[in-house]
Amino acid sequence: MAKFRRERKGGQQKLNTSSLPDIVFMLLFFFMVATSMKEVTMMVKIKSPEATEVTKLEQKSLVSYIYVGVPLNSRKFGSEPRIQLNDAYASVDDIENYILQEREGMKEADRPKMTVSIKADSDVQMGTITDIKQALRKAQALKISYSARKATK
């Protein structure tokens, strides 16, 4: 006797895609949480000075940066070292207001732990750094660190 087989219509079974939106949204949330955005657009050239004793800062969220160096666009802004606070050029007189704004953005428990990091070019004169330090004293920002790179031997 002959056996009759049924013909299957449609070939292979379709792939179940009902969980695909969940996977896509899970990946989206992961990358939103794990990605950090660039905070400051550098407007000054900085070649950090070399140092023999270098330590890393522990909590970078408690650090406010002051950049000092020659402007990248020297035709427009000149060749004298300038101070950059966030994304704008500033003067020494603006530092006190900058520090007060940075403190206001922090939790009250973290305010005493605030550190100001001065990222200055190695060719900047010490007079400019001293003026910045005096402005930081007026603003009661007494924890200061200087950014440097480890000296090559």
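Biologist: Does Gln 140 count as exposed or buried, and at what relative accessibility?

Modeller: This is a predicted model: local features need pLDDT of at least 70, side-chain atom pairs count only at pLDDT 80 or more, and totals for chains, interfaces and linings use all residues. Residues are numbered from 1 along each chain as its sequence is written, and side-chain values use heavy atoms, leaving out hydrogens and water. Buried means under 20% relative accessible area, exposed over 50%, and partly exposed in between (1.4 Å probe, protein chains only). Gln 140 therefore counts as exposed, at 55%.

Biologist: What is the phi of Gln 140?

Modeller: Gln 140 is in the loop between α4 and β7 (144-146); helices (H or I, at least four residues) and strands (E, at least two) are DSSP runs numbered from the N terminus. Most residues other than glycine have a negative phi. Gln 140 is not a glycine, yet its phi is positive, at about 60°.

Biologist: Which loop holds Asn 86?

Modeller: Asn 86 has a positive phi near 55° and is a residue other than glycine. Asn 86 counts as partly exposed because its relative accessibility is 36%. Its loop runs between β4 (82-85) and β5 (88-90).

Biologist: Which side chain of opposite charge is nearest to Asp 121?

Modeller: Asp 121 is found in the loop between β6 (115-120) and α4 (126-138). Asp 121 is buried but has no salt bridge, meaning a side-chain nitrogen of Lys or Arg within 4 Å of a carboxyl oxygen of Asp or Glu. For charge, Lys and Arg count as positive and Asp and Glu as negative, with His and the chain ends not counted. At 7.4 Å, the nearest side chain of opposite charge is Lys 47.

Biologist: Where is Lys 47 found?

Modeller: Lys 47 counts as exposed because its relative accessibility is 52%. Setting aside neighbours within four places in sequence, Lys 47 is in contact (heavy atoms within 4.5 Å) with Ala 120, Asp 121, Ser 122 and Arg 149. Lys 47 is found in the loop between β1 (44-45) and β2.

Biologist: How many residues apart in sequence are Glu 50 and Arg 149?

Modeller: The structure holds 1 salt bridge. The side chains of Glu 50 and Arg 149 meet in a salt bridge at 3.1 Å, N to O. Glu 50 lies in strand β2 (residues 50-51) and Arg 149 in strand β8 (residues 149-150), so the pair ties together parts whose separation in residues is 99.

Biologist: What is the relative accessible area of Arg 149?

Modeller: Glu 50 counts as partly exposed because its relative accessibility is 45%. Arg 149 is also partly exposed, with a relative accessible area of 33%.

Biologist: What is the relative accessible area of Leu 136?

Modeller: Leu 136 is found in helix α4. Beyond neighbours within four places in sequence, the contacts of Leu 136 include Ile 66, Ile 95, Ile 99, Val 116 and Ile 118. Leu 136 is buried, with a relative accessible area of 0%.

Biologist: Which residues are in contact with Thr 115, leaving aside its neighbours within four places in sequence?

Modeller: Thr 115 is found in strand β6. Thr 115 is buried, with a relative accessible area of 11%. With those neighbours left out, its contacts are Leu 62, Val 63, Ser 64, Lys 143 and Ser 145.

Biologist: What box do the C-alpha atoms of the protein chain fill?

Modeller: Buried residues make up 24% of the 153 residues. Taken along the principal axes, the C-alpha box is roughly 105 × 40 × 40 Å.
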